[in-house]
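Biologist: Let us go through this model together. I will ask for the grounds behind each label, and you set the value against the definition.

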Amino acid sequence: MTIRFAAATIHATGEDVDNQSVSSESGSDYAEEDNNFEDWVSDQAQNQSCRSLFEDKAFPTAAAARAHDNDVHNFDLRTISAKLELDLHQRIRLINFIRKHAPTSENIGNLTGAETFFSSDEYLIPQIEDDPLLQLELDDWSDDEDLSSTNPPADLPSALQQMQLLERKLAQAHLDMAEYRSLVGQQFDAGRFAEIINEPGPSSEGPSPRDDDTHYFSSYCENDIHAVMIQDKVRTSTYASFILTNPILFRDAVVLDVGCGTGILSLFAAKSGAKHVYAVDASDIAEKAEQIVKANGLENVITVIRGKIEEISLPDDVEHVDIIISEWMGYALLYESMLDSVLQARDRFLKPEGGVMAPSQCRIMFGLCEGSEILKERVGFWNDVYGFDLSIMANDVYEEAIVDVVGPESMASEPYLLKDLHLKDVTTRQLDFTSQFTLVSTTPKRTKIHAFVLYFDTFFTTTGEPVPPEVPVRVTKEGDVTLAEVWPVGGKAPPQRRASTGPGLKQKEDKRVTSFSTGPHSQPTHWKQTIFLLRDPIHAEDGMLHISTPNLDGLGLMNAGTIVTGSFYCKKSDTNSRELDVEIHYSVRQNAETMAVGETVVQIYKVR
């Protein structure tokens, strides 16, 4: 989904300025103007064509439509609203409910006012744009109808009018918010009419609770996924390097391996001198991990526990561990939401003082991506398939994040740090986040920008403390011999290092940083990169900013130095907590000297 908002102009203060003026009139004049506006809206609604609630038939006015429904269907909105004692919002919901589900007037007559749709924001969203009947609900059916015969004091009508005006404005704000939530993808399952109004059906057991875990854990039962992860040299050799080259940290330590899989990290920890390792996994792979531990003669050091980390207890009355190791990272770092479980393990089991999380830190990086090859493969391919136009298949590509490898030459900006996660103290609530970004094009020639790209860098420290910003991540290149240096072959013992002979040497070892990157400049990993294709590429031509329609053979048009600013929103999906919903808002400025900023573009993606 793509949404566009009007462009703004950046002034010297850095703030957007509009042309609205501030009124200096008195409060009573302001109220009178508001009432005049409301009267004008009401007049417009009364004179606008309106559709019957129970037929596909239009009438010249809303009053005529109401009269028809009363005469033909024996249904009067005013009467049922009074009978059910509906407030303003409930009357709005009733109208939209009828518009959406087309029940009979008899069914509506049997309502009690306790039905669930009377409290659902779904039915604040108008089913007919500018519905005149809904406008009458807002403006002409206020609660003052019941008060008109009570002969209030002379000053009371003014107060009532103010209250009614505020009530109408609040109702409109609810409508606007409900429409926005609908726009950004919130989905509602209305179901059968009988279910919505809470009528008992053949089965009234109610919906079963959503299960986001079964498929997730079952996907880790097969050999292939573990082969892919272990054969990822960047991933596995970095973990091996950190564990096997820091025996001072692991010697005699109690270690917890969260999501152990085959148990490879537990095996490393045992070889590095751990006193005991508890390897936990909720999938069937735990059975094979236990067999692997026995096959390597480490059953006295490694205990495999089958279960969810949130539910298990450690045996032998163990309450705290010294180190938690886990390979929890998913696509775009947070996909699969395994970090939530690791943080729960930290809060439950890691010793409060001196405990170490491995890895200790992850950084989410973001940048501009030329992306023409991805565009050709994922979009252009469908334009001509054996002479047929299958381009309709490409429509959804722009709504799904793409996990693929892009080369370093495709990067069109320096990476920007979106989110820095320190595993020592980050909370699960902070994993849904919003970050501002500024990206500056670094391409040496005009280039069309087809995508944003996201990847992450991972750091390990022996203290668990954050890595200083000036410390660069290690970028593994093809042919690097890291793996051969740290992974013993043929059952040989790992390389032995001399023990510390003084505080200076130990302090130096404690501050060692081990890291790897999943970015385009590194040897590809199984995480690859996460690519967000743009429906309309960003470019500048002849000094003027434009947004072009996508094509595959147009000229590159982004001048070096073009600035892209925006906001990145990321949260767990409402429909599956293992998936991510991403929303990117961005606008483009030709260069730092240009004051004019292009329109704000919003694109919404699923990471799944």
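Biologist: What makes the meeting of the side chains of Glu465 and Lys424 a salt bridge?

Modeller: Their N to O distance is 2.5 Å. A salt bridge is a side-chain nitrogen of Lys or Arg within 4 Å of a carboxyl oxygen of Asp or Glu. Glu465 and Lys424 therefore qualify. The pair links distant parts of the chain, 41 residues apart. Glu465 sits in the loop between strand E14 (449–461) and helix H17 (482–486). Lys424 sits in the loop between strand E12 (416–422) and strand E13 (433–440). As for the sources, this is a predicted model, where local features need pLDDT of at least 70, side-chain atom pairs count only at pLDDT 80 or more, and totals for chains, interfaces and linings use all residues. Residues are numbered from 1 along each chain as its sequence is written, and side-chain values use heavy atoms, with hydrogens and water left out.

Biologist: What do the element names rest on?

Modeller: They are DSSP runs, numbered from the N terminus: helices (H or I) of at least four residues, strands (E) of at least two.

Biologist: Why is Glu465 called partly exposed?

Modeller: Its relative accessible area is 36%. Buried means under 20%, exposed over 50%, and partly exposed in between (1.4 Å probe, protein chains only). Glu465 therefore falls in between. Lys424, at 46%, also counts as partly exposed.

Biologist: How many salt bridges does a search of the whole structure find?

Modeller: The search finds 17. Arg608 and Glu400 form one, with the closest N and O atoms 2.5 Å apart. This pair also links distant parts of the chain, 208 residues apart. Arg608 is in the segment after E21, and Glu400 is in the loop between helix H16 (372–378) and strand E11 (402–404). Glu400 has 25% relative accessibility, so it counts as partly exposed.

Biologist: What makes Lys571 part of a network?

Modeller: Its side chain meets that of Asp574 in a salt bridge of 3.2 Å, N to O. Lys571 is partly exposed, at 31%. Salt bridges that share partners join Lys571, Asp574, Asp581 and Lys606 into one network.

Biologist: Why is Gln603 called buried?

Modeller: Its relative accessibility is 1%, so it counts as buried. Gln603 belongs to strand E21 (residues 600–607).

Biologist: Which backbone atoms does the side chain of Gln603 reach?

Modeller: The backbone oxygen of Leu533 lies 3.2 Å from a polar atom of that side chain. The backbone nitrogen of Arg535 is reached at 2.9 Å. A polar contact is a pair of N or O atoms within 3.5 Å; within protein, one must be able to donate a hydrogen and the other to accept it, and residues adjacent in sequence count only if both atoms are side-chain atoms.

Biologist: What makes E14 and E15 a pair?

Modeller: They share five bridges, in the antiparallel sense. Two strands pair if DSSP finds at least two bridges between them. E14 and E15 therefore pair. Thr458 has Phe516 in E15 as its bridge partner. In E15 (residues 513–517), four of five residues are buried.

Biologist: Which strands does E10 join?

Modeller: Six bridges join E10 to E12, and nine join E10 to E14. Both pairings run antiparallel. Phe366 stands opposite Tyr416 in E12, and Ile364 opposite Phe456 in E14. Nine of the nine residues of E10 are buried.

Biologist: What makes a set of residues a nonpolar core?

Modeller: The members are buried Ala, Val, Leu, Ile, Met, Phe, Trp, Tyr and Cys residues, joined through side-chain atoms within 4.5 Å. The largest has 97 residues, of which Leu256, Phe452, Phe532 and Phe568 touch the most other members. Another core, of 25 residues, lies apart from it and includes Ala65 and Leu133.

Biologist: Which residues does Phe532 touch?

Modeller: Among them are Phe366, His450, Phe568 and Tyr605, not counting residues up to four places away in sequence. Contact here means heavy atoms within 4.5 Å.

Biologist: Why is Asp316 called exposed?

Modeller: Asp316 has a relative accessible area of 60%, so it is exposed. Its phi is near 60°, a positive value in a residue other than glycine.
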